[in-house]
Amino acid sequence: MEAVVVGRPDARTTAVALGCLVFMACSPDPPCGLQACDIREPSCQQSASRAAACFLGEEPQEIPVTLLSRSQLVVQAATGGSPAEIAFEKKRFAALALLDLADPDVTPNQAAATLAARIGAFYDSRTRAITIITEDGDSGPMDGAWNMSLLVHEFTHALQDRAGHLAFPYRDNDTSYDRLMARGALVEGEASYTETRAMLGLFHRDTTDVAWPALFTRVHDLALRATAAAPVPADFAYSYFSYPFGLSTVIGAYQAGGLPAIQDLWNRPPTSARQVLLGASAPELAEGPLVEDLGVDSSPELQAPHAFVAGDRQGAFVWQLFIRRNQRRFLSAVSGRGELRALAARLTGDYLSLFESATAPLAIWRLRFTDEASAIAAHRVLIELESSGVSWRSRRVARDLIIVGHGGSEDPTTAVAWRAPPPNMPSYRLSNPALIAGCPRHSELGAR
């Protein structure tokens with residue numbers, strides 16, 4: 001299922017929005033026929049569909065809209081997955097915890113339920129239908145600016161589906177988590193763009209009225225901080241990355257060239273989270289490509305008792321998140337945005353391998369940087385963390401770093417050969433789509 005979701009506002013955001021609405025009550029009508037109406041009403045849904053199409057210069061389409069209570073959604077997420085899938089995810093979580101990319105006591109169903117509790121709506125590409133999440137016990141109208149902009153967001157996903165933009169993987173068959181996040185930034189970025197146009201329009205404003213650079217600097221940092229506090233940062237990264245970084249990507253394109261520039265993003269989509277962080281139109285860097293395949297250096301060839309569980313390319317945002325998460329937990333001081341952004345910008349390739357054994361799980365993450373000096377600088381940060389009680393150790397090999405989470409056993413990778421990713425790899429992500437979908441609430445971001 002293509003579960004594309006957004007979060008919900010807190011009372012503080014709503015109060016500010018209402019104040020703006022009163023202040024600007026005599027301004028011109030909102031664009032694209034927008035109106036304040038209850039999104040549960042068919043006529044209002046048609047208005048949202050027309051607005052989404054209007055913002056993108058397309059023809060609207062009729063999509064069914066259904067309602068689902070939050071408690072029902074949470075129950076579905078918490079009870080999803082077969083016994084075999086849940087057993088697989090438990091092994092994966094145990095290995096991720098060694099790198100502090102998952103809480104040691106979190107279960108797959110708890111993680112899925114946590115994200116489901118934050119969902120505001122989603123579009124299902126299998127049924128071509130939109131589902132609105134209603135709050136239990138709240139019988140009031142859903143007629144605020146937030147509700148309307150949320151529905152415009154979901155109708156944008158329906159338009160993307162009609163255009164074939166939700167198809168994945170692309171022709172190069174890159175199914176990595178890193179590529180999925182880059183693709184998510186475009187999918188959610190465009191939908192967040194129309195949602196933002198709707199929100200601003202209902203308050204009689206436009207994108208030119210927003211100081212985007214200052215806003216994105218703040219929001220990007222909040223997204224990183226919120227992901228670092230999540231129970232499974234490695235998996236929650238998609239949700240926290242795709243919306244704010246995607247919006248900055250699409251807004252930047254729109255400011256540079258209007259709707260044709262957004263279409264050009266679809267013609268040449270970003271290939272990695274690193275490219276999104278640098279700017280989706282970033283050219284190949286002088287020292288190498290934006291994404292480098294580790295090839296035969298991807299995963300260690302371990303023998304029994306170690307058995308391969310899963311592996312994937314994580315990308316620059318998860319690497320940045322790894323540093324932030326470990327610093328938050330083990331150090332009193334946390335690196336500033338500039339240092340973390342620089343560490344992410346120099347990561348050109350990586351592969352995370354997860355293993356199990358009869359005694360303990362194992363996680364080996366190999367990361368490749370643009371040059372040896374960058375690897376040395378990144379290793380210096382890891383050495384500082386290692387002195388603070390982390391459950392992993394690192395070493396440097398030329399411009400590569402190898403991080404080993406071994407749960408107290410010796411590093412088994414120092415005297416073994418490495419290989420390309422094993423064939424027929426298991427999926428790295430939980431089968432329940434709620435785990436990789438979701439947008440942080442404003443209140444969650446503001447509290448970090």
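**The disulfides and some other local features**

Modeller: The disulfides of the protein follow the pattern 1-4, 2-3, where the bonded cysteines are counted along the chain. The model is a predicted one, and it holds 2 disulfides.

One of them joins cysteine 32 to cysteine 54, with an S to S distance of 2.1 Å. Cysteine 32 lies in the loop between α1 and α2, whereas cysteine 54 belongs to helix α2, so this pair ties together parts that are 22 residues apart in sequence. The loop in question runs between α1 (11–23) and α2 (42–56). About the S-S bond the angle is -65°, and the link of cysteine 32 and cysteine 54 is therefore left-handed.

Both ends of this link can be described by their accessibility. Cysteine 32 has a relative accessible area of 24% and is partly exposed. Cysteine 54 is also partly exposed, with a relative accessible area of 39%. Buried would require a value under 20%. The backbone at cysteine 32 deserves a remark as well: phi is near 55°, a positive value in a residue other than glycine.

The other disulfide is formed by cysteine 37 and cysteine 44, and their sulfur atoms are 1.9 Å apart. This link is right-handed, with 80° about the S-S bond. Cysteine 37 counts as buried at 14% relative accessibility. Cysteine 44 is buried too, with a relative accessible area of 1%.

Another positive phi, of about 55°, belongs to alanine 398, which sits in the turn of a hairpin formed by β9 and β10 with 2 residues between them. Strand β9 covers residues 392–397 and strand β10 covers residues 400–405; they pair in the antiparallel sense over 6 bridges. Within this pairing, valine 397 stands opposite aspartate 400 in β10.

Alanine 304 and proline 305 are joined by a cis peptide bond, with omega about 15°. Proline 305 is found in the loop between β5 (299–300) and β6 (307–312).

Strand β5 is also the place of serine 299. Serine 299 counts as buried, at 0% relative accessibility. Its side chain makes a polar contact with the side chain of serine 353, at 2.8 Å. Leaving aside neighbours within four places in sequence, serine 299 is in contact with Phe308, Tyr351, Ser353, Phe355, Ala417, Trp418 and Arg419.

To return to your request, the pattern 1-4, 2-3 can be read from the pairs themselves: cysteine 32 is joined to cysteine 54, and cysteine 37 to cysteine 44.

Note on methods: Residues numbered from 1 in each chain as written. Predicted model: local features only at pLDDT ≥ 70, side-chain atom pairs only at ≥ 80, totals over all residues. Heavy atoms only, no water. Helix = DSSP H or I, 4+ residues; strand = E, 2+ residues; numbered from the N terminus. Buried < 20%, exposed > 50% of the residue type's maximum accessible area, 1.4 Å probe, protein only. Pairing = 2+ DSSP bridges. Polar contact = N/O pair within 3.5 Å; in protein donor to acceptor, adjacent residues only side chain to side chain. Contact = heavy atoms within 4.5 Å. Disulfide = S-S within 2.5 Å.
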